[in-house]
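Here is a brief report on one structure. Please look at the sequence and the model before reading on.

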Amino acid sequence: MGEIKNIPYKYNNIPIHAGGYVTGFTFHSREAGCMYIRTDIGGVYRYNKNKDSFESLADHITPADIQEAFPIAVALDEKIASRLYIACGTQRNRHGVLCVSRDRGETFSYCEIPTMIDGNWGGRSSGSRLIVDPQDSDTLFFASQRGGLLVTHDLGQTWSKHDVCGEEWLTFVWMSPVSDLVIVGSAGVTNKTSDTMRGHGLYVSYDRGETFSKLPMPEPKEYPFSNLSGYVPVRCTWDGKYFYVTISENGPGAIFLENGYGCDSGHVAGGKVLRYYFTNGKIEGYKDITPTDSLMKKADPSGKNITEDNFFKNYNFGFGGISASAQEPGLVVCSTVCRQGGDFIFRSKNYGETWEVILFDTEIGSIKYNTYYMRPEYNSGRSCVHWVSDIKINPLDPVEAWFNTGTGIFRTDNLLSNTEVRFEDWNTGIENTVHLNVYAPVKGNTVLLDAVGDLGGFAFTDITKQCRNSFADEKGNKFITCMNIDSPDEKPELIYASARGYWNGATKGGIIRSTDGGANFERLDTPWGLSPAIDKLLTKIEQPNVTSGWIAVNCDGTAICWCVADRARLPVTAVICSRDSGKKWEKSLVLGLNDLPKQEGYIKVFADKCDAHIMYGFGDRSQIYISKDFGKTFRELPLPNYFPRTDLSQIDCFNKTEIRCESGKRGVIYLAMNRHGLWKLQYNKYTGTLDLNRLTEDKDECYRIGFGLIHRGVDYLSENKAIYVNGIIKGKYGFFRSFDDGTTWERINNEHQMFGEINSIDGDKRVFGRFYLGSGTRGLLYGEPEYLESRLSK
């Protein structure tokens with residue numbers, strides 16, 4: 001193989017819009033339009049005021065150095081608007097990263113932060129962890145997730161640790177712009193008073209963080225429903241007069257312990273809003289200004305007085321976002337989180353003395369939905385607003401406010417309205433969905449099928465436009481997180497997908513089917529009674545948000561095979577098949593090399609693209625199984641010693657492999673086998689033999705693979721295929737294509753076109769040169785040659 005040729009490509013997102021958790025907003029207090037948002041898994045976005053849209057600052061991120069995709073905090077220098085700081089990282093690294101930009105995120109330099117950071121871990125929903133000292137632009141304070149308060153005086157070159165009364169698990173840090181006062185929030189983990197009670201949560205310093213003392217806050221009670229009681233400060237704001245804090249604690253459904261105070265932990269409760277007042281530059285005390293009266297009017301029509309005891313019993317939710325305006329004295333907004341029945345957004349015009357609800361579900365306030373899948377008709381008639389952990393008033397324009405959710409962001413430009421406050425989702429440019437598998441059909445109205453986390457799946461008929469809805473039943477109720485999708489080449493209108501059930505139970509998990517190219521779906525009946533073990537798995541799958549498994553449909557659509565999931569694994573003992581579109585099922589038999597049924601191990605099944613009888617299974621140690629009876633019986637084939645051993649059975653992006661059966665040919669399969677490169681398998685049905693060949697060189701790595709047109713104007717099925725891969729070829733990471741079965745490769749991206757974690761890849765079967773990327777950090781993308789190529793059919 002000679003030198004790799006570089007082909008200039010251009011990339012665009014296929015519009016999903018948002019879809020993931022935006023964890024916070026950061027405004028510049030002096031420059032209009034200067035705003036950044038951070039996401040949990042998709043890096044940081046910069047707001048473009050002229051285009052009124054967002055721009056990703058994460059396109060250069062590679063899987064080998066993915067930390068920038070997981071920001072926990074963003075900070076701006078109020079004196080120098082061009083400076084941008086991002087703290088980010090993942091748990092797999094002992095130390096975090098400080099990204100330093102002097103040109104608004106166009107370029108970065110990097111420094112190590114000496115503590116673990118993870119932007120998709122507990123504490124991601126809390127407030128400003130990274131701040132610039134208002135008096136010294138070279139000094140930054142960082143309130144880490146479990147490494148205490150760190151301070152640098154040289155923009156991250158060196159760090160020192162400041163003692164916060166021994167507390168290590170912090171939630172935010174704030175410094176007064178007019179004095180040496182510093183306030184730190186904590187999760188009260190290091191200083192727990194018992195195994196079931198957190199330690200104190202708020203600390204104050206009057207000497208720029210050199211020494212701290214406890215800041216008064218409500219005394220916590222130990223509640224039997226909480227796995228760890230005690231208040232945790234979550235967000236804070238200051239309006240020049242008062243300092244405000246929202247606090248919450250672990251709720252009855254909290255699935256975490258130390259980090260159970262966040263809205264993304266399962267459940268929070270006991271929410272309060274506190275307002276601190278000052279005397280002679282020091283905090284003198286606080287007032288509880290929790291807007292329970294407004295809650296009572298909406299959630300308790302009887303008007304009974306709320307005592308603290310029945311508050312926890314009947315009002316088990318938290319408070320998340322809070323923002324106060326320095327431009328409009330008295331203006332404060334805040335939000336509930338994890339409230340059963342929907343969250344509230346409140347507004348006060350008198351510093352929190354009284355509150356009014358300005359947004360609740362579809363009843364109070366209004367939302368204009370620019371993103372189709374967010375609309376109430378596609379969410380069981382309810383608002384999609386949830387996880388409102390941050391809300392920000394524009395510091396230079398008090399009529400404008402933004403709030404986050406677990407599925408995108410919203411804004412209003414009439415916050416001060418005395419009638420109805422109007423919001424709309426504003427997510428243009430934000431693409432932070434996690435895409436699990438992508439498929440480009442050979443023919444039909446649908447040009448791309450997309451299996452996506454949380455949202456379920458999309459069937460695109462036009463890749464420049466949003467889909468009207470994700471995969472849903474006849475009532476518009478969504479199925480979520482489809483692990484995979486399968487469809488016969490000659491019957492593109494027939495689509496099967498393995499789906500989870502919707503969070504609120506409006507749909508159940510299992511196998512769903514469309515007969516109209518993905519416009520509508522129906523769920524197949526649950527196949528009870530095949531075995532007690534399978535029944536146990538199916539019972540779990542019918543619960544909300546539980547992985548259902550993996551589905552394969554044969555080439556004429558007459559047979560399907562379902563690998564029923566046990567969480568994220570596919571046991572060999574839980575494979576079932578059907579010959580009548582799922583009306584009747586039977587348990588498949590998976591036989592080992594000794595011709596005995598296998599009782600241990602895992603398997604993922606695919607269907608041959610030309611032979612309706614043939615299905616293939618791939619195991620957790622590279623085992624290869626063949627079924628000649630529509631998936632009823634799988635037999636393991638002996639493999640040569642030179643064939644590498646890796647796990648080919650995993651789902652949900654747990655390893656970097658991908659398997660594709662070639663259309664138009666019987667028995668041809670390509671395997672992207674990670675560090676073992678790209679392999680081609682050819683199975684002869686009549687002789688039972690298997691030919692295996694590595695197509696890449698020894699040191700090359702291949703993570704994802706797809707097929708596309710080899711020439712313009714040819715029939716895809718009858719011709720050889722263009723191969724698209726994601727991996728490392730001749731020492732270079734990126735995206736590559738080959739027109740000669742891997743003999744030569746062309747690189748089709750540059751150093752600014754990396755797009756983070758890549759979970760799936762496929763070529764377009766109708767447009768030469770186009771291919772699709774399903775990413776875990778930058779949404780769904782397609783690439784095309786930057787210049788028209790003259791490669792025509794020979």
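Which element gives the most to the lining of the second largest pocket? The answer is E19, with four residues. Keep in mind that this is a predicted model.

## The second largest pocket

The second largest pocket holds about 1,200 Å³ of space. Its lining is made up of 40 residues. Nearest the centre lie Phe27, Ser29, Glu78, Trp174 and Trp238.

Strands E3 (22-27), E7 (71-76), E11 (130-132), E15 (170-175), E19 (232-238), E23 (318-324) and E28 (391-393) each give two or more residues to the lining. By residue class, the lining of this pocket has 20 nonpolar, eleven polar and nine charged residues.

## Helix H3

Helix H3 spans residues 532-541. Its buried residues are Ile534, Leu537, Leu538 and Ile541. Seen down the axis of H3, they fall within an arc of 100°, so they line one face of the helix. Pro532 and Lys536 are exposed, on the other side of H3.

What do the buried residues of H3 pack against? Their partners are four strands: E37 (510-514), E40 (560-564), E41 (575-578) and E42 (586-587).

## Val268

Val268 sits in strand E21, which covers residues 268-279. Is Val268 buried or exposed? Val268 counts as buried, because its relative accessibility is 0% and the cut-off for buried is under 20%.

Val268 and Arg46 are 222 residues apart in sequence. In space, their C-alpha atoms are 30 Å apart.

Technical notes. Residues numbered from 1 in each chain as written. Predicted model: local features only at pLDDT ≥ 70, side-chain atom pairs only at ≥ 80, totals over all residues. Heavy atoms only, no water. Buried < 20%, exposed > 50% of the residue type's maximum accessible area, 1.4 Å probe, protein only. Arc of directions from axis to C-beta. Contact = heavy atoms within 4.5 Å. 1 Å grid on protein atoms, 1.4 Å probe; cavity = no way out; pocket = protein on both sides within 12 Å on 5 of 7 lines; lining within 4 Å. Points joined across faces, edges and corners; volume = space filled by probe spheres on them. Nonpolar A, V, L, I, M, F, W, Y, C, P; charged D, E, K, R; others polar.
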